[in-house]
Amino acid sequence: MRVTRRQLRKIITESVLDQTNLPVSVTSDSTFYWIARDAREVQPGFVVPVSGPIKHVLEIENIYEEVRLELNPTAPSRFNCVYICPSLNGFCRKPVGTRFGHLGGVYKVRVTGNVFFADAEMWTEGSFSYGRGDIEGARDYAVGYWEGLNPQEARYPDSEYSFHEALVDGTVTVIERVY
């Protein structure tokens, strides 16, 4: 019996669903961090706006959105979420010298809403694959991204260089500046 590509993708997707980490609902959880990309100081009580997709790589964002809808449709969309850090590692680790992304500092935030934990390296590698013209490779990384991480794994990574992120469909409010 011959299996079509579509049938194979359905078989893989169904087998992966057992391994998919779904978003979690949190209420007033203050164990997250946010990077302000603007050099202006942010005051406590500031409500972080939705980020949306990365405009200059919209094609890859569309691939990731298609995979999200197929694999983990209840996860917040990269098209309409707030990106935060589940720990002070990776993106939110203490900056050494001048680092892109830390112009405005790192803040402790309070989160209420649906939170999805992901390995941001799956986004980076998918972007590289897409840039080389490997669309199927990019889709494979998108699957890895939307399989997600369990909250414990995301909050306590193996290394300070683990780039875990959390996508929030809800409200993110600044508590205080960390650095």
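Helix 2 and helix 4 are oblique to each other, a class left over once angles under 35 degrees (roughly parallel), over 145 (roughly antiparallel) and 65 to 115 (roughly perpendicular) are set aside. The two helices pack at an angle of about 50 degrees, and their axes lie 9 Å apart. Axes are lines fitted to C-alpha atoms, for helices over the stretch in contact, and angles run from 0 to 180 degrees between N-to-C directions. Helices (H or I, at least four residues) and strands (E, at least two) are DSSP runs, numbered from the N terminus. The crossing of helix 2 and helix 4 is right-handed; that is, the near helix is turned clockwise from the far one by less than a right angle.

The model is predicted: local features need pLDDT of at least 70, side-chain atom pairs count only at pLDDT 80 or more, and totals for chains, interfaces and linings use all residues. Residues are numbered from 1 along each chain as its sequence is written, and side-chain values use heavy atoms, with hydrogens and water left out.

Contact means heavy atoms within 4.5 Å. On the helix 2 side, the contact includes Ile 60, Ile 63, Tyr 64, Glu 66 and Val 67.

Glu 66 lies in helix 2 and Arg 139 in helix 4 (residues 135–147), so the pair ties together parts 73 residues apart in sequence. A salt bridge is a side-chain nitrogen of Lys or Arg within 4 Å of a carboxyl oxygen of Asp or Glu. Glu 66 is partly exposed, at 43% relative accessible area. Arg 139 is buried, at 9%. Buried means under 20% relative accessible area, exposed over 50%, and partly exposed in between (1.4 Å probe, protein chains only).

The structure holds eight salt bridges. Arg 78 pairs with Glu 61 in one of them, the closest N and O atoms being 2.8 Å apart. Arg 78 sits in the loop between helix 2 (58–71) and strand 2 (82–84), 17 residues from Glu 61 in helix 2. Both residues, Arg 78 and Glu 61, are buried. A network of salt bridges links Glu 61, Arg 78 and Glu 165.
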